[in-house]
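Thank you all for coming; please have a look at the model on the screen, and then I will walk through a few parts of it.

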Amino acid sequence: MKEVFHAYIDEAGDEGFGKLRSPGSSGQSRWLCLGAAVVRKENDVLLPAWRNEICEQFPSKRKKELHFRELQHEQKILACDFLSKKRLGICVIASKKETILDSPKKEVFKQKGHLYNYLVRFLLERVTSACSNFSERSGRNGAELHVTFSRRSGTDYQSMKEYLTLMRDGKEIIRPIRSINWSVLSPDNISVENHSKRAGLQIADVVTSATYAALEPNYYGYTEPRYSLLLKNRYLTDSHGTLNCGLTLIPKLHQCGLNADQTAFINDLTKK
């Protein structure tokens, strides 16, 4: 039998390029992160209990629904520390949007949904590869992945599925270096749900937002790596480590122009 996995996908940041945020001013995010919380089938049924156990430690008036941006600092620490002890995998693709402004393809990426779908591809390549490797190590006869996206306004999920089907059928004009493992994922196993309906999506929000906080400077110009570093042992790894597996930067690390704090975060996260 195939080993069954579930991946819940959420994003942090936005796709806008109009006015990127700077310390002391408002604007659109400099980073867009797309992340997945990945669990085996037997742990998928535990996700509501995990979510509830986190929320039960918050003030009694709080509903049993996780929204990372609504949590106070100490509550974010609690949520990440709790999840660090659970059997889930984290995979995040992080795009530094300002680097696209120097790209000859910048007008393409400015089209609605293009950057998001571009990151979806990177994410599914890495998650399907990890699921295949996990099932191989456990001696199972292959892997099967079910993907649930957190619904976001303005995203045409049907067009996304059609594009993924085109990729699966080998009809792309330019073939990628990596590819999604289509023996693991069928476009028919991709669904979309509201954040409030699935505990897995709320957990994906936590792990994706934790990574985003370590890369995106806040209003005062500071980043916060602690949330993500608490989750360090949950990021997916391969034979080369965490980078380009559990966390992938776009463009590549040496092209991102990270500041000292962001560089320190990457070094701490990827250090064995």
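Predicted model: local features only at pLDDT ≥ 70, side-chain atom pairs only at ≥ 80, totals over all residues.

**Two helices in contact**

In helix 2, the residues W50, E53 and I54 meet L78, A79, F82 and L83 of helix 3, where contact means heavy atoms within 4.5 Å, and where helices (H or I, at least four residues) and strands (E, at least two) are DSSP runs numbered from the N terminus. By class, this contact has six nonpolar, no polar and one charged residues; Ala, Val, Leu, Ile, Met, Phe, Trp, Tyr, Cys and Pro count as nonpolar, Asp, Glu, Lys and Arg as charged, and the others, Gly among them, as polar.

Residues are numbered from 1 along each chain as its sequence is written, and side-chain values use heavy atoms, with hydrogens and water left out.

Helix 2 (residues 47-55) and helix 3 (residues 73-83) pack at an angle of about 145°, with their axes 10 Å apart; the axes are lines fitted to C-alpha atoms over the stretch in contact, and angles run from 0 to 180 degrees between N-to-C directions.

How far apart are the end C-alpha atoms of helix 5? They are 35 Å apart, which agrees with the 34 Å that its 24 residues (114-137) should span at 1.5 Å a residue, because the expected span is 1.5 Å times one less than the number of residues. Just after helix 5, G139 takes a positive phi of about 75°.

N244, in the loop between helix 8 (226-230) and strand 6, also has a positive phi, of about 70°, although N244 is not a glycine. Finally, the peptide bond from I250 to P251 is cis, with omega near 0°, and P251 is found in the loop between strand 6 (247-250) and helix 9 (260-270).
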